[in-house]
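Good morning, colleagues. Please look at the structure on the screen while I go through several of its local features.

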Amino acid sequence: MRYCTFLLLLLLMLAACSSDGHRQSPRPTGLGGQELAEIHCGGCHLFPPPELLDKTTWQNGVLPEMAYHLGMRDPLEKLAMLDPDEIATVLRAGAYPNGPVLAAEDWQKIMRFYVERAPEKLPPQPARPPVKTGLPFFEVRPLREKMTRQPMISLVKIDEARGCVYVGRREKQTLEVYNRALKKTDELPVSSPVSEVVAVHDTLFMLQMGIMEPNDRRQGKLLRITGQQQKTILDSMQRPVQMVLGDLNQDGITDYLICQYGNESGKLAWYDGKTREEHLLKTQSGARIAIVRDMDNDGLPDITVLMCQARESISIWYNRGKGVFEENIALQFPPVYGSSCIELADMNSDGHPDILYTNGDNADYSFTHKPYHGLRIFLNDGQNHFSERFFYPVYGASRALARDFDGDGDPDLALIAFFPDASQHPNEGFLFFENRGGLQFDISTFAEAAGGRWLVMDAGDVDGDGRPDIVLGSFLKSGLGQAGGTYAGPPLSLVWLRNVAGKR
């Protein structure tokens with residue numbers, strides 16, 4: 001039955017293409033390669049200059065993929081690799097045109113423009129002072145356990161109110177619960193990797209991705225767990241990766257804001273807490289992180305969102321009341337930047353939220369160490385206009401969190417990198433930025449950081465002593481490389497950085 005469905009969808013695709021077969025093929029424009037690239041490569045996302053990647057990566061990675069989206073290669077080659085239940089979703093999203101959108105001669109000009117202008121090799125990242133090994137304010141507590149399989153942790157979430165830590169494990173298909181001493185107290189089987197949990201009183205809301213790898217299958221779901229009872233309240237979602245609960249339409253009932261990352265298609269949407277009605281904000285792949293916060297001081301919760309994939313950007317969706325939102329694009333980035341996460345924090349003590357931004361995603365068609373990967377701070381001018389004022393280069397930077405870890409009144413930073421350069425020493429998979437004021441930081445790491453590949457991180461008071469701790473979760477998978485650096489022990493799954501500030 002699945003094979004027949006697949007053939008039927010391919011035949012429908014062929015029929016759609018043939019129905020447009022009488023149109024004239026695009027004629028050469030006479031334009032140069034750069035002009036054509038700015039038109040066709042900058043038409044749906046920020047124009048990527050050739051200097052952002054090396055020749056080989058353009059030629060063998062990005063340009064062949066771009067050809068599908070410009071109709072210069074047969075999309076059936078891509079569709080044939082998909083599961084039948086993905087094909088209809090991809091076709092509805094219009095990911096691939098029915099035919100070439102430009103003449104073959106013009107496409108050759110675009111390819112030559114990128115390959116000829118690109119460097120043979122990308123330059124190294126800018127030099128920076130050596131990173132100290134040995135964390136201030138923290139006691140390093142690696143979780144040592146007997147593991148028959150490599151750890152694949154998809155979630156760590158500190159629940160201060162309940163005094164526990166939730167850990168989603170893909171390799172075990174479980175959601176584990178740890179106590180204030182980081183000892184496991186419970187384990188719940190799950191049907192797919194967990195990407196988010198939110199506890200509300202005696203109820204736990206759990207978001208499951210379906211399939212973790214890039215895909216467009218509608219297998220994600222949201223569960224409500226009360227005691228021993230589980231109920232699916234939303235399903236058929238496209239690879240949901242993050243969720244926020246809040247009253248978005250001012251009716252007194254909690255709504256669900258969910259980032260459905262997808263692959264070729266996806267969506268950012270909120271769901272009415274009473275009716276479960278879907279309210280689409282954006283139909284586009286790459287919704288990664290949403291933060292609900294009043295950004296314009298009108299008393300209504302706005303939504304700040306990081307979009308990844310090709311159209312990398314940060315937008316603020318201003319709440320106009322009664323569930324109506326209006327998008328304002330605050331920042332845009334080239335499609336090869338690898339945007340990975342955002343955080344809001346007042347970094348210059350002016351009373352306005354600034355943006356912490358990490359880019360370092362390398363699981364795409366441009367896998368190479370990029371000099372522009374790292375941590376950036378965009379300061380807010382008070383009117384939600386943001387400008388870059390700080391950049392710290394880190395290969396593969398994947399998330400940064402801002403908390404006052406040392407108790408001196410300003411936000412310090414914790415950063416993880418999922419695709420670090422293992423040849424760099426000390427290991428840069430985790431970095432701690434102690435705030436010295438004026439966007440100046442003392443930066444350190446810990447030796448055991450080389451024992452894991454840190455995909456997830458959370459900050460909060462684990463042990464109930466009033467100080468924010470950090471918990472790191474490692475994800476080791478064949479094809480993505482292993483833990484790097486000089487750590488000699490077995491791979492780590494969890495590390496608790498217990499805050500001991502003030503005890504020294």
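Is Cys341 buried or exposed? Cys341 counts as buried, at 1% relative accessibility; by definition, buried means under 20% relative accessible area, exposed over 50%, and partly exposed in between, with a 1.4 Å probe and protein chains only. Before I continue, a word on the source: this is a predicted model, in which local features need pLDDT of at least 70 and side-chain atom pairs count only at pLDDT 80 or more, while totals for chains, interfaces and linings use all residues. Residues are numbered from 1 along each chain as its sequence is written, and side-chain values use heavy atoms, with hydrogens and water left out.

Let me stay with the cysteines. Cys308 is buried as well, with a relative accessible area of 2%.

I turn now to the second largest pocket. Its volume is about 340 Å³. A pocket here is found on a 1 Å grid over the protein atoms alone: it is an open set of points where a 1.4 Å probe fits, with protein on both sides within 12 Å along at least five of seven lines, and lining residues have an atom within 4 Å of a point. Grid points are joined across faces, edges and corners, and the volume is the space filled by probe spheres set on the points.

The lining has 15 residues, and those nearest the pocket centre are Asp186, Leu188, Leu204, Ile225 and Gly227. Two or more lining residues come from each of β4 (164-169), β5 (174-178), β6 (184-189) and β9 (220-226). Strand β6 gives the largest share, three residues. Strands are DSSP runs (E, at least two residues), as helices are (H or I, at least four), numbered from the N terminus. By residue type, the lining divides into seven nonpolar, four polar and four charged.

Next, some side-chain pairs. Tyr271 lies in strand β13, residues 267-271, and is buried at 6% relative accessible area. Its side chain makes a polar contact of 2.7 Å with that of Gln260; such a contact is a pair of N or O atoms within 3.5 Å, where within protein one must be able to donate a hydrogen and the other to accept it, and residues adjacent in sequence count only if both atoms are side-chain atoms.

Glu196, in strand β7 (residues 194-200), is buried at 10% relative accessibility. A polar contact of 3.1 Å joins its side chain to that of Lys157. Glu77, in helix α4 (residues 76-79), is partly exposed at 40%, and its side chain has a polar contact of 2.7 Å with that of Tyr68.

Finally, which residues show a positive phi without being glycine? One of them is Lys322, with phi of about 55°, in the loop between β17 (313-321) and β18 (324-332). Lys322 is exposed, at 67% relative accessible area. Ser349 also has a positive phi, near 55°, in the loop between β19 (339-345) and β20 (354-359), and is exposed at 60%.

Technical notes: Ala, Val, Leu, Ile, Met, Phe, Trp, Tyr, Cys and Pro count as nonpolar, Asp, Glu, Lys and Arg as charged, and the others, Gly among them, as polar.
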